Amino acid sequence: MRKTESISTGIPGVEFRLPDLRPIVVDEQLAQETAQNGEAGDRVVALIAQGRLAAASELVADARLMDPSNIRLRLLDTEVTRWSGDPERAIYRLQQLRKEFDGTVDEVDIVQNLGACFYSIGDMLAATSRYKSALEGREQFNASEVLRNASRAAYESLLNEVNAPDEAVQVSVLPDTS
């Protein structure tokens, strides 16, 4: 079995596993502190990483009531949906967001999330295409090096997985431990 690769989220105690971009806890204490005291978006990611999906869902819903146009919270809402076992619904919602943000820098984040969702349902061609588009979009919009590296890492990790001999793709849904 291969070592799990992950990339920084910028959120204390949490990283994203590659290539599915699943939030994972890398430091229990920091993740717990973030889940309790961080900014709403960071708290949602930490709760997802901890498998506390009901709490993450409630928090993102409450935060969106306070700031309904916040794209990060809207994207996190689709992530909660994906990890709760409904990636098809998450894809549909992301496709609607993509229409709304067509041609903007936010569309790139939506495309990245679409890649992760397509990976979740086993559509490697669609996932690869979206990850590549996200990388190109982040380069086009001159995104930060951190975001470009994240897109590059997700894309390259997926290519390595798809091209790896005799390795089964494993897609999982987080159990809710709330």
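Mentor: A charge counts as sitting over a ring if NZ of Lys or CZ of Arg is within 6 Å of the ring centre and within 35 degrees of the ring normal. The model is predicted, so local features need pLDDT of at least 70 and side-chain atom pairs count only at pLDDT 80 or more, whereas totals for chains, interfaces and linings use all residues. Residues are numbered from 1 along each chain as its sequence is written, and side-chain values use heavy atoms, with hydrogens and water left out.

Arg 22 lies over the face of Trp 83, 5.8 Å from the ring centre. Aromatic pairs number 0 in the structure; such a pair would need ring centres of Phe, Tyr or Trp (its six-membered ring) within 6.5 Å, with planes under 30 degrees apart called stacked, over 60 edge-to-face and the rest tilted.

Turning to the helices (DSSP runs of H or I, at least four residues, numbered from the N terminus), α4 spans residues 71-83 and α5 residues 87-100. They pack at about 160 degrees with their axes 7 Å apart, where axes are lines fitted to C-alpha atoms over the stretch in contact and angles run from 0 to 180 degrees between N-to-C directions. That angle makes α4 roughly antiparallel to α5, a label for angles over 145 degrees. Their crossing is left-handed, that is, the near helix is turned anticlockwise from the far one by less than a right angle. On the α4 side the contact (heavy atoms within 4.5 Å) includes Ile 71, Leu 75 and Thr 78, and on the α5 side Ala 90, Leu 94 and Leu 97 are among the residues involved.

Helices α6 (residues 105-120) and α7 (residues 124-140) also pack at about 160 degrees, with axes 8 Å apart. They are therefore roughly antiparallel to each other, and their crossing is left-handed. Val 108, Leu 114 and Phe 118 are among the α6 residues that meet α7, whose side includes Met 124, Tyr 131 and Ala 134.

Two aspartates complete the account. Asp 42, in helix α2 (residues 40-49), is buried (under 20% relative accessible area, 1.4 Å probe, protein chains only) because its value is 19%. Beyond its neighbours within four places in sequence, Asp 42 contacts Ile 11, Thr 34 and Arg 72. Asp 102 belongs to the loop between α5 and α6, and is exposed (over 50%) at 56%. Asp 102 and Ser 69 are 33 residues apart in sequence and 15 Å apart in space, C-alpha to C-alpha.

Notes: Parallel < 35°, antiparallel > 145°, perpendicular 65-115°, else oblique.
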